[in-house]
Amino acid sequence: MTKLRMLTACVALCGLAGLHGGAAAATFILPPEGTDLVGVPSWMHARHEDTLMDVARDYSVGYVELKRANPAVDTWLPGEGTRVLLPTRYVLPPGPRTGIVINLPEYRLYYFPKPKPGERAKVITYPISIGKMDWNSPIGTHRVVSKHKNPTWYPTENIRRDHAARGSVLPRAVPPGPDNPLGAYALRLNLTTYLIHGTNNPDGVGMRVTSGCIRLFPEHIEHLFPLVDVGTPVHIMSEPIKVGWAADTLFVEVHPPLEEESESQLRMRFTTLLRDAAQLHGVEIDWPRADAIFAAALGVPTEVPLRRITVAGH
C-alpha cells in the first residue's frame, strides 16, 4: 500500500458523511429530493515517484475515471508537484436509490443501504472493473442470491477456452488463496456465473478487464460484503450521461460510451437530457458551451451554462 497524502477539498454542496484518503470508501448523506450531487471536487499534488495508478488506489478512485479527468497528465510520470484532479464528486445515477446500482460507463458502484431508525439515508460508492469487449457485464435488474467468504472460483467453459487459446490452462476449480482472482469475498447474482467480488490483481480495478463480473479493490469488497444482505437488488445500467441539479445549478457528467454505443446516439441522449432538464426549470441551455462539455467527456460533474427565459414585457 502506497503512502497516504493530504486531500484538499472544496466545500460540499450536500452533506458529506465521509470521504477519506487511502482505502476508505466514499460515504455520503443522501441529499434531499431535487438535489442529485454528492461529494466535493478535490485535488492532490503528485510526488516524483507517483503514477496515476498509485493515486487511484490511494484515493479510492478507478484508473480510467482518473485518467479521463486528467487527460493532459502522464500516466506513468505525472511529475513532482503536478496538480491532479480527483473525480470525487458525482451526479447520482438515475432511478430508485435502493440496493446496489452499477453504472458501467462510469466504472462505479453505488450502494444505498436501508437506513436504521433515526439514521439519515446514505450512499456508499466504489470504483469497479467491468466486463471487457465480448464479455459484457449484464444490464438489467438482478439480486444477490448468496455470499461467499474465501470463495472457490469455478471458471466457465468459455473462460477456460479463452485461457487455453492464450496458452494458459485453467483447472475446473481454483481454491481460495493468492492465485484466486475472486479475492477473499464474493457476492453471487441470480445469473449464477456473475459475481461482485474482490481481486488478487488490484491494479486492474477501474478498467474494462473482467469476464463480465464486477471487481472491487480488496479493501472495498471487505467493506461492502457485510453490509449487503442476500436478496439485495442489483441494478446494472449503461448511462454515459448523467444530469442533475444542485440548488438552481444544472450539472452534467459525460463519460465516453462503451464501444457498442455510437457518438451520434450519445449526442442525441445528451441533447435530450439537457433540454428536458432545462424545460422543467424554465431555463435555456447555452448550447455552444454545453457542446464543449460533451466533447471533453471528462467524466466529472460540470456546470451547464444556462440563460433564464425572459417573457416579453417583463
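Which residues is I214 in contact with, leaving aside its neighbours within four places in sequence? I looked that up before anything else. I214 turned out to touch I102, L104, L109, I128, S129, I130, S137, L195, I196 and H197, where contact means heavy atoms within 4.5 Å.

A note on the ground rules. I'm working with a predicted model, in which local features need pLDDT of at least 70, side-chain atom pairs count only at pLDDT 80 or more, and totals for chains, interfaces and linings use all residues. Residues are numbered from 1 along each chain as its sequence is written, and side-chain values use heavy atoms, with hydrogens and water left out.

Next, the cores. I214 belongs to the largest nonpolar core, which has 39 residues; I102, L109, I196, I214 and L224 touch the most other members. Such a core is a set of buried Ala, Val, Leu, Ile, Met, Phe, Trp, Tyr and Cys residues joined through side-chain atoms within 4.5 Å. Apart from that one I found another core, of 17 residues, including V252 and A297.

Then I checked the whole chain. Buried residues (under 20% relative accessible area, 1.4 Å probe, protein chains only) make up 49% of its 314 residues. I also noted six helices and 21 strands, which are DSSP runs (helices H or I, at least four residues; strands E, at least two), numbered from the N terminus.

Last entry: A69. I found A69 in helix α2, residues 63–69. A69 is buried, because its relative accessible area is 8%. Leaving aside neighbours within four places in sequence, A69 is in contact with L85, P87, L298 and V300.

Conventions. Buried means under 20% relative accessible area, exposed over 50%, partly exposed in between (1.4 Å probe, protein chains only).
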